[in-house]
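Visitor: I have just opened this entry and would like a guided look at it. May I ask about some residues, and then about the chain as a whole?

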Amino acid sequence: MEMLLNGEWVSRPRTLRVNNPQDATLVDTVPLASVEDMALAVGYAVAALETARNTPIHQRIDILQGAAQIIADQHEQFARTLSAEGIKTIREARKEVTRCIETIRISAEEARRLQGETIAFDQMPGSENRQGYFTREPIGVIGAITPFNDPLNLVAHKVGPAIAGGNCIIVKPDPRTPLSALLLAKALHDAGIPAGILQVITGGADVGEALVTDSRVRMISFTGGWHTGRDIMQKVSLKKVSMELGSNCPVIVMGDADLELAVSSCVSGAYWAAGQNCLHVQRLLVQDTIIEAFTQQFITQVNAYKVGDKHDEATDMGPLINEEAAKRVERLVDEALAAGATLLAGGERSGSFYAPTLLADVPDTCAIAHEEIYGPVTLLYRFSTLDTAIARANRVEFGLQSGIFTRDLNTAFQAAGALQCGGVMINDSTDYRIDAMPFGGVKGSGLGREGIRFALQDMTEPKVVCFNLPHMI
């Protein structure tokens with residue numbers, strides 16, 4: 001598959017293999033771009049800024065809506081490509097494609113709502129004859145670096161609002177899963193996006209660094225790991241940064257919770273995409289009055305989970321992104337078990353597959369207790385009071401989303417106020433999200449917010465216009 005450079009589909013002599021994570025078979029190849037290719041892409045984006053800025057809102061809407069319709073018409077092709085190159089089962093992949101369509105459509109809708117406001121300049125003595133307003137202007141060239149776990153919809157979350165705001169955007173997808181990003185670019189290309197406004201450059205870390213450090217790029221939007229995010233922050237210099245860096249999400253289950261709802265929601269939240277999900281339910285905090293019943297039902301559902309071929313309609317969970325990632329999860333679990341943790345379910349690896357796993361009695365000193373596991377492993381804790389549960393939930397240096405299951409409104413409000421995170425899900429697991437809501441975290445979970453309207457604010461700058469009208473009065 002070729003990459004999109006200045007409106008043209010181009011190849012390169014050197015290529016990257018895109019392998020199926022479950023058996024390492026070849027899915028496709030993409031160009032191995034160079035640092036020089038990225039410099040060219042940035043130059044083309046700069047040259048296209050006036051076109052992007054001056055593209056009328058109605059044309060931006062038409063392009064986005066047209067692309068969304070193309071994706072809808074090719075829904076199954078997108079899903080099968082996404083599943084083949086990545087970690088998603090075919091059923092999970094179809095849901096991601098549906099969400100991508102929604103993300104692009106919302107971007108089209110938000111383009112028409114890109115508005116400023118009038119300003120009451122006469123609030124300041126001496127300014128009685130002044131009137132004015134502010135508009136929102138495109139920020140310029142945006143660099144987007146995207147991860148492997150949602151290789152289509154997370155690209156859409158950066159590309160959609162960038163186009164809606166009149167910017168140019170260069171996407172550097174994860175080298176393990178670039179095909180979905182290229183398919184999305186093709187849909188926008190076929191929908192008529194002008195050359196240079198969207199480019200997708202496939203390559204390694206050197207290409208990403210060239211994007212981050214280029215002074216002509218005015219914003220970096222990154223989704224990925226905390227360590228990479230920290231490295232980017234040390235290199236970006238003076239430009240805007242938006243980052244979503246993962247988490248170690250807690251769910252509190254109170255004694256009055258709807259047990260059936262809590263168990264089924266938390267099993268899904270724990271093992272969707274084999275736990276390779278920033279909203280993964282990594283910690284389960286269950287009140288002591290119901291922990292035995294909750295644990296029994298949870299283990300029953302985990303043991304019924306079907307792990308295997310991603311393309312099998314009956315499969316519930318596929319592989320990790322590669323065998324190295326599965327071995328990392330295995331090592332972290334083994335360390336916890338050696339330190340005194342109790343294995344309640346799973347704990348076995350086969351190649352790049354790791355069984356859905358539940359651990360109890362994990363010491364706080366274990367890495368798995370405070371880092372992001374990024375695998376199908378969940379830790380179970382007992383608590384007696386809400387205050388102790390909230391204190392444990394807040395103990396880690398992440399804060400993306402938290403969940404609580406309770407029938408009591410006061411308990412829900414207390415938890416919503418006290419949990420240190422970007423979102424609190426009441427009677428849902430941490431894995432719940434809609435694409436229109438503000439999405440992001442606190443502490444080590446990142447900077448800024450995604451969600452189209454909120455990303456669009458980050459991707460535009462206010463410009464004040466003030467008229468001094470001395471003869472107005």
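Visitor: To start, is Arg94 buried, partly exposed or exposed?

Guide: Please keep in mind that this is a predicted model. In it, Arg94 has a relative accessible area of 22%, which lies between the limits of 20% and 50%, so Arg94 counts as partly exposed.

Visitor: Where is Arg94 found?

Guide: Arg94 belongs to helix H5, which covers residues 90-111.

Visitor: And what does Arg94 touch, apart from residues up to four places away in sequence?

Guide: Arg94 touches His75, Glu76, Ala79, Arg80 and Glu313. For Arg80, which is 14 residues away along the chain, the C-alpha atom is separated from that of Arg94 by 8.1 Å.

Visitor: Let me change topic to Thr460. Buried or exposed?

Guide: Thr460 is buried, because its relative accessible area is 0% and the limit for buried is under 20%. Thr460 is found in strand E24, residues 460-468.

Visitor: Which side chain makes a polar contact with the side chain of Thr460?

Guide: That of Arg136, at 2.8 Å.

Visitor: What about Gln276, where is its place?

Guide: Gln276 sits in the loop between helix H10 (259-271) and strand E13 (281-287). With a relative accessibility of 1%, Gln276 counts as buried.

Visitor: Which backbone oxygen does the side chain of Gln276 reach?

Guide: The side chain of Gln276 reaches the backbone oxygen of Pro319, at 3.2 Å. Once neighbours within four places in sequence are set aside, the residues in contact with Gln276 are Ile87, Phe148, Asn149, Pro319, Leu320, Ile321, Tyr374 and Gly375.

Visitor: What volume does the second largest pocket have?

Guide: Its volume is about 210 Å³. The pocket is lined by 16 residues, and those closest to its centre are Asn19, Asn20, Pro21, Ile321 and Asn322. Ile321 is also one of the residues in contact with Gln276.

Visitor: Which strand gives the largest share of that lining?

Guide: Strand E3, residues 15-19, gives the largest share of the lining of the second largest pocket, with three residues.

Visitor: And how is that lining made up by class?

Guide: The lining of the second largest pocket has five nonpolar, six polar and five charged residues.

Visitor: Next, Gly196. Where is Gly196 found?

Guide: Gly196 lies in the loop between helix H7 (179-190) and strand E9 (198-200). Gly196 is buried, at a relative accessible area of 1%. Leaving out neighbours within four places in sequence, its contacts are Asn6, Gly7, Tyr44, Ala45, Ala48 and Cys168.

Visitor: How about Pro173, buried or exposed?

Guide: Pro173 counts as buried, at 2% relative accessibility. The place of Pro173 is in the loop between strand E8 (168-172) and H7. Among its contacts beyond four places in sequence are Thr146, Pro178 and Ala181, and Val200, Ile201 and Thr202 are also in contact with Pro173. The C-alpha atoms of Pro173 and Val155, which are 18 residues apart along the chain, are separated by 7.9 Å.

Visitor: Now for the chain as a whole. How many helices and strands does the chain have?

Guide: The chain has 16 helices and 24 strands. Its radius of gyration is 24 Å, close to the 23 Å that the globule rule gives for 473 residues, so the chain is as compact as a globular protein of that length.

Visitor: What box do the C-alpha atoms fill?

Guide: A box of roughly 75 × 65 × 40 Å, taken along the principal axes. Of the 473 residues of the chain, 55% count as buried.

Methods:
Residues numbered from 1 in each chain as written. Predicted model: local features only at pLDDT ≥ 70, side-chain atom pairs only at ≥ 80, totals over all residues. Heavy atoms only, no water. Helix = DSSP H or I, 4+ residues; strand = E, 2+ residues; numbered from the N terminus. Buried < 20%, exposed > 50% of the residue type's maximum accessible area, 1.4 Å probe, protein only. Polar contact = N/O pair within 3.5 Å; in protein donor to acceptor, adjacent residues only side chain to side chain. Contact = heavy atoms within 4.5 Å. 1 Å grid on protein atoms, 1.4 Å probe; cavity = no way out; pocket = protein on both sides within 12 Å on 5 of 7 lines; lining within 4 Å. Points joined across faces, edges and corners; volume = space filled by probe spheres on them. Nonpolar A, V, L, I, M, F, W, Y, C, P; charged D, E, K, R; others polar. Rg over C-alpha atoms; globule rule 2.2 N^0.38 Å.
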